[in-house]
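Have a look at the structure first, and then we can walk through it together.

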Amino acid sequence: MTDRTTPGVGGGAKGPEELREQIERTRSQLGDTVEELAGKMDVKGRARARAADLRDKAGAMTVQLRSTAAQAGHTAHDRATHAGHTMHDRATQAGHAMHDKAMQASHKVQDRTTRTGHQVQGRAAKTGHDLQHRVEHSVPQPARPVVRAAIRHPRPALVISAALAAVVVVSWRYPKR
């Protein structure tokens, strides 16, 4: 175990002080060597150190996996939220489109109904004027004001005519003796 390449070792010492330094260095080297050999021979210590290293690596991997899982969860949440917003927007657009189409159809029906109502009203007015003209020319002169009043105010005329009809029916059914 002598190292011949180390200066001052193996050769003679020139003085007591140099000899003490050589002894001190040799002791230090010997202590380091013994410590290395003892470390290699301590199987339990090495196993504990290796287990501690593995625990540290496992902990680091656990943290990394949790972080990755959390990030994946956030990404999935963000995508689902985006998809939900997209579907909501599409449904809203479809609802507005359907509302617009329904309003257009409603306006078309309303326009047609209004036109038809005006046509019917015009025909009824024309028919009323025609009937009034016929009545005025076919009714004798003394009865014309009564007929005009009946045309202008049909309810009282209907009530009076119903009462007259009832009198006629009663007088016909029960003649005077």
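How far apart are the mean positions of the positive and negative charges of the chain? For its 29 positive and 17 negative charges, the mean positions are 34 Å apart. Here Lys and Arg count as positive and Asp and Glu as negative, while His and the chain ends are not counted; each charge is placed at NZ of Lys, CZ of Arg, CG of Asp or CD of Glu.

A word on the source: this is a predicted model, in which local features need pLDDT of at least 70, side-chain atom pairs count only at pLDDT 80 or more, and totals for chains, interfaces and linings use all residues. Residues are numbered from 1 along each chain as its sequence is written, and side-chain values use heavy atoms, with hydrogens and water left out.

The pLDDT (the predictor's confidence in each residue, from 0 to 100) has a mean of 85 over the chain, and 93% of the residues reach 70 or more.

Now to the fold. The chain has four helices and zero strands, where helices (H or I, at least four residues) and strands (E, at least two) are DSSP runs numbered from the N terminus. The radius of gyration is 61 Å, well over the 16 Å that the globule rule gives for 177 residues, so the chain is more spread out than a compact globule. That radius is taken over C-alpha atoms, and the rule is 2.2 Å times the number of residues to the power 0.38. Along its principal axes the C-alpha trace spans about 180 × 40 × 20 Å. Buried residues make up 2% of the 177; buried means under 20% relative accessible area, exposed over 50%, and partly exposed in between (1.4 Å probe, protein chains only).

A search of the whole structure finds two salt bridges, each a side-chain nitrogen of Lys or Arg within 4 Å of a carboxyl oxygen of Asp or Glu.

| Salt bridge | N to O distance |
|---|---|
| Glu-17 and Arg-20 | 3.6 Å |
| Asp-130 and Lys-126 | 4.0 Å |

Glu-17 and Arg-20 both lie in helix H1 (residues 16–41), three residues apart, about one turn of the helix. Arg-20 is exposed, at 55% relative accessible area. Asp-130 and Lys-126 are four residues apart in helix H2; Asp-130 is partly exposed at 37%, whereas Lys-126 is exposed at 54%.

Lys-108 also sits in helix H2 (residues 43–138). Its C-alpha atom is 65 Å from that of Gln-64, 44 residues away along the chain.
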